[in-house]
2 protein chains.
Amino acid sequence: MRARHLRGPYPRIAVLRIGHRPGRDPRLTTHVALSARALGAERLYLHPPDPAITERLRAVGRRWGGGFEVVGVSDWRALVRGYSGNVVHLSMYGLPIDRRIARLRRRSRLLLVVGGAKVPGELYRLADSNVAVGSQPQSEVGALAIALAWLRPLPGPRDFPNALQRIQPRARGKRVSRRGAVRP
Amino acid sequence: MRARHLRGPYPRIAVLRIGHRPGRDPRLTTHVALSARALGAERLYLHPPDPAITERLRAVGRRWGGGFEVVGVSDWRALVRGYSGNVVHLSMYGLPIDRRIARLRRRSRLLLVVGGAKVPGELYRLADSNVAVGSQPQSEVGALAIALAWLRPLPGPRDFPNALQRIQPRARGKRVSRRGAVRP
């Protein structure tokens with residue numbers, strides 16, 4: 001169950017979020033981006049582009065480290081068609097992830113696609129596979145988080161280099177070390 | 001890694017979401033509720049109460065089955081103090097979940113607490129433990145989803161009895177059976 005029991009090498013993972021509605025759901029897409037970053041994805045492709053979210057995650061990266069980025073895409077179909085890797089659409093209608101995970105883990109590069117409420121039907125055909133995290137109505141943030149946690153180990157502090165600050169895990173309260181103050 | 005490799009019995013899990021802002025973030029809290037339901041929690045306690053979300057999840061349950069419910073709570077401290085089970089606060093500042101999960105899995109009842117942006121400091125003391133899903137800024141939906149997926153197997157169709165409709169998983173497109181139409 002625990003990701004650290006996974007054997008590497010692990011797939012390199014990017015996420016594509018389609019159906020974002022700038023202005024309407026900045027918080028939900030921000031959550032998609034934060035989960036993608038915290039769980040080891042390298043990049044979020046965002047359709048349509050939203051510079052506010054790109055900048056917000058850039059600010060998170062400046063503070064907390066790592067190379068994660070949000071890249072706006074105007075033509076998500078071109079990205080999916082041209083992707084040099086395996087394209088996995090996370091959908092409640094797909095095949096159960098329990099039965100697909102071992103195969104996905106052997107891929108070198110994955111693009112995980114999450115949609116909003118209305119997903120264009122052609123995505124089901126364009127994706128290499130359609131995979132369900134529970135065959136129930138589900139949050140795309142939750143589905144993405146579980147897929148990432150099953151595909152890769154949870155990142156540790158060293159996976160986010162050049163951080164200005166780092167959390168020092170503790171049983172109670174909050175402790176954060178600033179660069180130069182405490183060496184992890 | 002896969003939940004079906006977990007050995008039962010599994011803890012019974014409820015979720016407490018505090019810091020909900022009715023009107024401001026109905027979608028985010030809806031995502032918390034949908035993930036909790038899809039991943040096997042029995043109940044979401046919601047502070048402050050929000051009848052609109054309780055009703056929305058009731059409608060999901062009527063259609064998709066199961067006994068999940070959203071229960072509004074006015075006094076979350078009383079709920080946490082009086083809870084007859086282990087109270088686990090999911091926080092980026094807590095101890096890494098990898099190191100706590102085996103212990104949590106042996107509990108019979110868990111209350112997983114997720115907050116919004118600002119969590120009252122006393123929650124860190126009131127909880128039995130503070131646990132981090134990645135020591136990075138993270139979505140509470142993502143953190144909750146991973147915790148649930150590591151604590152219990154992904155629910156199957158039979159875990160949602162009395163459904164009016166069920167998904168028939170497939171590699172392409174969508175298939176849903178209505179009650180009486182297709183027997184699973």
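Biologist: Helices here are DSSP runs of at least four residues, numbered from the N terminus; in which helix of chain B is Pro26(B) found?

Modeller: In this predicted model, the numbering along the chain settles the matter. Residues 26-38 of chain B form one helix, and Pro26(B) is found in that helix, α1.

Biologist: Is Pro26(B) buried, partly exposed or exposed?

Modeller: Buried would require a relative accessible area under 20%, and exposed one over 50%. The relative accessible area of Pro26(B) is 25%, so Pro26(B) is partly exposed.

Biologist: Which residues does Pro26(B) touch, not counting residues up to four places away in sequence?

Modeller: Asp50(B), which is 24 residues apart from Pro26(B) in sequence, has its C-alpha 8.9 Å from that of Pro26(B). With residues up to four places away in sequence left out, the residues that Pro26(B) touches are His20(B), Ile53(B) and Arg56(B).

Biologist: How much area do chain A and chain B bury between them?

Modeller: The size of an interface is often given as the accessible area lost when the parts come together. Here the contact takes 58 residues from chain A and 58 residues from chain B. Of the area buried between the chains, 63% is on carbon and sulfur atoms, and the whole comes to about 5300 Å².

Biologist: How many nonpolar residues are on the side of chain A that touches chain B?

Modeller: Between chain A and chain B there are 0 salt bridges, while 18 residue pairs are in polar contact, both residues being at pLDDT 80 or more. The side of chain A that touches chain B has 16 charged and 12 polar residues, and its nonpolar residues number 30.

Notes
Residues are numbered from 1 along each chain as its sequence is written. Chains are lettered from A and ligands numbered from 1 in the order in which they are written. This is a predicted model: local features need pLDDT of at least 70, side-chain atom pairs count only at pLDDT 80 or more; totals for chains, interfaces and linings use all residues. Side-chain values use heavy atoms; hydrogens and water are left out. Contact means heavy atoms within 4.5 Å. Buried area is the accessible area (1.4 Å probe) that two parts lose on being put together, summed over both. A salt bridge is a side-chain nitrogen of Lys or Arg within 4 Å of a carboxyl oxygen of Asp or Glu. A polar contact is a pair of N or O atoms within 3.5 Å; within protein, one must be able to donate a hydrogen and the other to accept it, and residues adjacent in sequence count only if both atoms are side-chain atoms. Ala, Val, Leu, Ile, Met, Phe, Trp, Tyr, Cys and Pro count as nonpolar, Asp, Glu, Lys and Arg as charged, and the others, Gly among them, as polar. Helices (H or I, at least four residues) and strands (E, at least two) are DSSP runs, numbered from the N terminus. Buried means under 20% relative accessible area, exposed over 50%, partly exposed in between (1.4 Å probe, protein chains only).
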